[in-house]
Amino acid sequence: MTTAPIAFLKGHGTENDFVIVPDPDNAIDLPPAAVARICHRRAGIGGDGLLHVVRSAAHAEARDMAGEAEWFMDYRNADGSIAEMCGNGVRVFARYLQAAGHVTAGDVAVATRGGVKQVHLAKNGDVTVAMGRARLPEDGVTVTVGDHSWPARNVNMGNPHAVAFVEDLAQAGDLRSEPPYTPAAVYPDGVNIEFVADRGPRHVAMRVHERGSAETRSCGTGACAVAVATARRDGADPSVTGTPVTYTVDVLGGTLVITEHPDGEIEMTGPAVIVAEGHIDPAWFAASAPAPAAEHPENAND
């Protein structure tokens, strides 16, 4: 474990917030317990996840992508578990690369466990990510909260999602724990669950329980999954109509704009902001005490 101070930054995309740890040479060991300590809201820096910034050539999981993307987003959930992809996270990751002088406004490729993502940094501050194509497995689940149950559409954006349409977002409950779903075997590694309510033509709002992070203020891959599921519900599948479809998706932390093209490619546009930087005390980082349970103040009553 390093004895030198560990540099970090803090950023967010529609209030989905992340601790950013620059580590180009992949020299910092980040075991799950250390990530959970860092992301803890009261005993750490606090975040919905951690963005470990590594050169692709320096990471075993990304070396095959180094020819396409210099930088790898080694993404961790707030509980320290590894995730394939994070849409808001990749926007913040690209904003960090720009702030650090590694890239300029324009296009940049970012390697993720969900593949290489193309990102465009606009001069007005918005960031657009080419999120790839959604997969729509036929097996869905039924999600239950209290006395209410809903069928949920299975959408995979490089990570798994279950999208349920509800009359009122309050029906999702407090989302402190993962809502139960059946059959559980559909998602053997867990799932992100989105609850969706209509707000107007091509306009919906959502709440989300993110796998490994409880309820978050926003979820980029979740917003894409919601747009795809809503388009199918509305009979607006671009592969059928031949016309791109755009949905405005309100999340608790702001608004994302999702466009699906006839070839299945999905683009997500939204803000990404770096808000602070500093150093982690190496003695605290190396402490062997287990991390306190992950906690999100937006869900806490104390």
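User: Why does Leu175 count as buried?

Analyst: Buried is the word for under 20% relative accessible area, while exposed takes over 50% and partly exposed is in between (1.4 Å probe, protein chains only). Leu175 comes in at 2% relative accessibility, so it counts as buried. Bear in mind that this is a predicted model, where local features need pLDDT of at least 70, side-chain atom pairs count only at pLDDT 80 or more, and totals for chains, interfaces and linings use all residues. Residues are numbered from 1 along each chain as its sequence is written, and side-chain values use heavy atoms, with hydrogens and water left out.

User: What makes the backbone of Leu175 worth a look, and where does Leu175 lie?

Analyst: Leu175 has a positive phi, about 60°, although it is not a glycine. Most residues other than glycine have a negative phi. Leu175 lies in the loop between β10 (160–165) and β11. Strands here are DSSP runs of E, at least two residues, helices are runs of H or I, at least four, and both are numbered from the N terminus.

User: And Asn26: what is its phi, and is it buried or partly exposed?

Analyst: Asn26 also isn't a glycine, and its phi is positive at about 60°. At 29% relative accessibility, Asn26 counts as partly exposed. You'll find Asn26 in the loop between β2 and α1.

User: How do you know that the bond between Thr182 and Pro183 is cis?

Analyst: Look at omega: about -5° for the peptide bond joining Thr182 and Pro183, which is cis. Most peptide bonds are trans. Pro183 has its place in the loop between β11 (181–182) and β12 (192–200).

User: Why is helix α1 described as largely enclosed?

Analyst: Helix α1 (residues 32–39) has eight residues and six of them are buried, so the rest of the structure largely encloses it. Those six are Ala34, Val35, Ala36, Arg37, Ile38 and Cys39. They pack against β2 (16–22), β3 (49–55), β4 (71–77), β18 (273–280) and α5 (282–286).

User: What makes a set of residues a nonpolar core, and how many residues has the largest one?

Analyst: The members must be buried Ala, Val, Leu, Ile, Met, Phe, Trp, Tyr or Cys residues, joined through side-chain atoms within 4.5 Å. The largest core has 51 residues, and Met73, Met206 and Ile258 have the most contacts inside it. Helix α3 (residues 220–233) gives the most to this core, eight residues. A second, separate core has 19 residues, including Val186 and Phe195. In soluble globular proteins, nonpolar side chains tend to be buried together.

User: What does Met206 touch?

Analyst: Not counting residues up to four places away in sequence, Met206 touches, among others, Leu169, Phe195, Cys219, Val226 and Leu252.

User: How do you know that the radius of gyration agrees with a compact globule?

Analyst: The radius is taken over C-alpha atoms, and the globule rule is 2.2 Å times the number of residues to the power 0.38. For 302 residues a compact globule would be near 19 Å, and the protein has 19 Å, which agrees. The C-alpha trace spans about 55 × 45 × 35 Å along its principal axes, and 52% of the 302 residues count as buried.

Note on methods:
Contact means heavy atoms within 4.5 Å.
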